[in-house]
Amino acid sequence: LFLPAGAQGCASVAVGSPIVPLGSAVTASCTIRRELCRGLEQEKVRISWMLDNKPVAGSQRQGPGGTEVSNLTLPRFNHTQARLWCCVEWNGTKQRVGMAEIRAGYPPAKPLNLSCVLNLRDYGLTCQWEQGTDSHLPTSVVLKCAGPRAHLSVCHRSRAPAVTGCTPQGGHSHCTVPRRLLQLYRQMEIWVSATNALGTAESEHLSIDPMDVAKLDPPTLQSIQSIPFQTDCIALAWDVARGTEHMELQCELRYRAPEDLAWALVTGIIGRAGTAQRCGFLFGTQYRFQMRCRRSSASALTYWSEWSPGRNYTTHEKAPTGKLDTWWGAQPAKAGGRLEVQLRWKAPRQREANGRVLGYRVTLSPRRRGRDPATVCNTTHTQCNFSVPAGTRRVYLSAYNAAGESAPTEVILLERKGQPLAGLRAVPGGERSLWVHWEAPLAPVVAYVLEWQRVTAEPGHCSECWQMERDGAATTALIQDGIEPFQRYNISLYPVYEGTVGVPVHTTAYSQQKAPSHAPKLHLRRISKSEAELCWEPLPVEVQNGFITSFTIFWANSIADVASATVNPSLSSFVIRGLKPSTLYKVHIMASTAAGGTNGTILTLVTTVLDDTEIQFLFLTLGLIFVLLMVLLVCFQKNER
């Protein structure tokens, strides 16, 4: 309420302290001087209190000189800021005649995680920290810096150079000390001081040479080139950033190829600028290089520069190396005297390709110095179909790039008549992989070949869906290439013995199953008064989404009597028995896999009143009755005879 003119200046409010710790007691007193309160000279003064808009109780007494005094104690002050009002009764209403503002909070929290970086462009030292919990009170924060002895002298109040620093603006937790207040290449102590009405807190002190926390600009990679005589080595040349030419630097180099998940790191590069050599690179491979530096210093606080902009370099190629994994199929050609061969192989890995493979060559004999053998296939693909003279048992496969051709891989066209394996099974290895398990045969095995094909309604062939396991003692293998969830795969396993290939064994598997995309459509084959025969078409493998474990037939009449029966997934028809004559039924089928079931559309049918035999008997009976009636009619007409 607005104070009446007569009440202005007639009351004074005093508090024990306007700023107190949160939750502590607050004392206050309000003194009313009658001679200054026009209109209250003859009336009884009644003093009351309000904390913001909430009434609080005090004790009133008569003070010296005709004054009225009210004392108030708040045992726990839990507001961070509030106004305490002194009020009097004035013309029947409560008027506010005096006020004191009280604030409460905590001493400042200790600033944490102080760190500093020197900017070499203007040599300003920027420091940042974490302020800690809010004290709820106005707090003055200052970043201070001084030489160690100067700081100790200040603590002991002796004559010493002044402590300098900076003050953060706008409530931020960072500020920059200008160059004129810093001592470069000398140790300085730096700390943060936070002060409010309840106390002061300081962060941990940093003792640093500002140059030790300088963050340099990244160096520049000038050139990268292969060393001619050390073919897997490269040489790099770089320049340091401007303004750091006079510094001793410690640098790091990192590089990686596009398919690498992690960077390879080269450490311990010392110097101002120059070159570095590194070996062990793959041939014909693109690498990305980056470099960073920092000032050589014993301090653990020294910062690395950012990584330099990346620079790409492709190492030079050399002829492919190593042997290729191969697999084949052979059968006599329709025209006599020839053998049809389908040869497949795996592309060499990058470490063996030594660059970009341009193609593959298949010959009937190995290449010898001075003459090239006849080529039966030259392709850029990883398979080739060709014919060779009957009786051919060996062909030779090589890969080539711009730098040359690999040594030939000998492919022996072995017959598939060896001992088959036992116990082949496949289980999911993940959403897009399959684990294959088998039992090892008694005869020693050189390698295993796995083939897999996706099962579809229309026949297809994946020429790359195979892999070779070189470990003859293995009994498991993981298939990861070309595997999709909810698709069925035929898997074949061939053991490769010394001098022959075993007869394959087969299995089927899913990497992941779910409920079928839809259920079969029901058709009514025949119906009677108590039975109905249903049939359906087999589900296409593309919509099964897993192995069908069962079909379930549901039927119900209008009274909601529901019944069901489970049918073997190999069947495609079912007879419902025990139906009521002349009754309407609704029937549907559910197709199920291990992961769930899917309902089909509803088929409505009505049972007959009579069975076929009953209908035949009825017609026969009616016919006999008709004949008898005709005979009787003739007899009555010819009764005389």
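**Rings, charges and burial in a predicted model**

Author: Arg96 lies over the face of Trp85, 4.7 Å from the ring centre. This is a predicted model, in which local features need pLDDT of at least 70 and side-chain atom pairs count only at pLDDT 80 or more, while totals for chains, interfaces and linings use all residues. Residues are numbered from 1 along each chain as its sequence is written, and side-chain values use heavy atoms, with hydrogens and water left out.

Reader: What makes a charge sit over a ring?

Author: The term requires NZ of Lys or CZ of Arg within 6 Å of the ring centre and within 35 degrees of the ring normal. Arg254 also lies over a ring face, that of Trp307, at 4.2 Å from the ring centre.

Reader: Why is the pair of Tyr510 and Phe547 called edge-to-face?

Author: Rings of Phe, Tyr and Trp (its six-membered ring) pair if their centres lie within 6.5 Å, and planes under 30 degrees apart count as stacked, over 60 as edge-to-face and the rest as tilted. The centres of Tyr510 and Phe547 are 4.9 Å apart and their planes stand at 90°, so the pair is edge-to-face.

Reader: Why is Tyr510 called buried, and why does Phe547 count as partly exposed?

Author: Buried means under 20% relative accessible area, exposed over 50%, and partly exposed in between, with a 1.4 Å probe and protein chains only. Tyr510 has 3% and is therefore buried, whereas Phe547, at 30%, counts as partly exposed.

Reader: How do you know whether Thr326 is buried or exposed?

Author: Its relative accessible area is 8%, so Thr326 is buried.
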